[in-house]
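Student: Hi, I'm new to this one. Can you walk me through it?

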Amino acid sequence: MKLLLLATAAACVCTSAMADIRPTDHAPIGVMGDHTHERGEWMFSYRYMHMQMDGNRDGTSSLSPAEIATTAVNRFGMPPTLRVVPTEMTMDMHMFGAMYAPSDRLTLMAMVNVIDKEMDHVTFQGAAGTTQLGVFTTQTSGLGDTRLAALFDLPTLGDGKWHATLGVTLPTGSIDETDRVLTPMGTGPTLRLPYPMQLGSGTVDVIAGLTYASQGARWSWGAQWQSLIRTGENDENYTLGDELTLQGWASYQLGERVSLSGRLAWFDRGNIDGIDPLIAAPVQTADPDRQGAERLDAALGLNVLPGGDHRLAFEFVAPLRQDLDGPQLETDWTVMVGWQYAY
């Protein structure tokens, strides 16, 4: 009888704990470092992201490859205009994360990324004109930069929770990737690939941020500022541009295990300071002054509780506005799916 009573009590405690878990407890899966944990808690996560870029833009105006080949100045001199034009790029990223709270006010976070990138190009013949010589694709894959951060709970104001984020990225991603290209003269050398095709920054960078989150009976909402601040110069004599993200979201609980979310995010990335002497070609991606971007994204997402302490999530992201230091490939859409398990 005692064993039966103990088992019943344990089942009631487990059921009660499960009832406290809601699909709106976490932000959309595209928001990193959105929550903290209580002392002794662990969380493991996996995110998969696919990003699609297609077509070129300068500022807010679209440009055809022929327009770029005849009007965009080549900073390296000859030929006088860009003769190799990217037309499409895809990036797949696998993100493996872990969080642990050594105290009620401090949560530690680590994330490792594995990245695969492909970029399609068209090469125009010679030093002028719009005659296409051919097309080619470059590809890189491997470990990206590693993120380590601490999340500090701040004093509560009203019904919401605040926490600050401070961390670093470690330069575990390669910055000397190479592949075979097609030049305007018809040759096919193997060269160091331009900046967007590299896998890391080559520098130890600073992560800083502030996050707010609150919940009602069925709604939850939040906002976040996060910056990635580049430090120093890497071994190839350049520094990637700083990045800033400002975003806000709201989620609505459709049922006991499902919530729907919406998110707006402003992203700003600066141009590159310095230049890699081995990255010099008549292509826009080799120009450090053609890497800056401002983008306003809108996203729709779904959080699902399949059972236990597991959480599945999905988010689709599309830009509402893009202003690029171009010509530069524009972002078409991004999809992210993820799994989180806490105990």
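Tutor: First a term: buried means under 20% relative accessible area, exposed over 50%, and partly exposed in between, with a 1.4 Å probe and protein chains only. The model is predicted, so local features need pLDDT of at least 70 and side-chain atom pairs count only at pLDDT 80 or more, while totals for chains, interfaces and linings use all residues. Residues are numbered from 1 along each chain as its sequence is written, and side-chain values use heavy atoms, leaving out hydrogens and water.

Student: Is Asn237 buried, exposed or partly exposed?

Tutor: Asn237 counts as partly exposed, at 38% relative accessibility. Its phi is positive, about 75°, although Asn237 is not a glycine. Most residues other than glycine have a negative phi.

Student: Where is Asn237 placed?

Tutor: In the loop between strand E11 (219-229) and strand E12 (238-239). Strands (E, at least two residues) and helices (H or I, at least four) are DSSP runs numbered from the N terminus.

Student: New topic. How many residues has the largest nonpolar core?

Tutor: It has 29 residues, and Met49 and Tyr238 are among those with the most contacts inside it. Such a core is a set of buried Ala, Val, Leu, Ile, Met, Phe, Trp, Tyr and Cys residues joined through side-chain atoms within 4.5 Å. The largest share, 5 residues, comes from E3.

Student: Which peptide bond is cis at Pro79?

Tutor: The one from Met78 to Pro79, with omega near -10°. Pro79 sits in the loop between helix H2 (65-71) and E3. Gly326 and Pro327 are also joined by a cis bond, omega about 10°, and Pro327 lies in strand E17.
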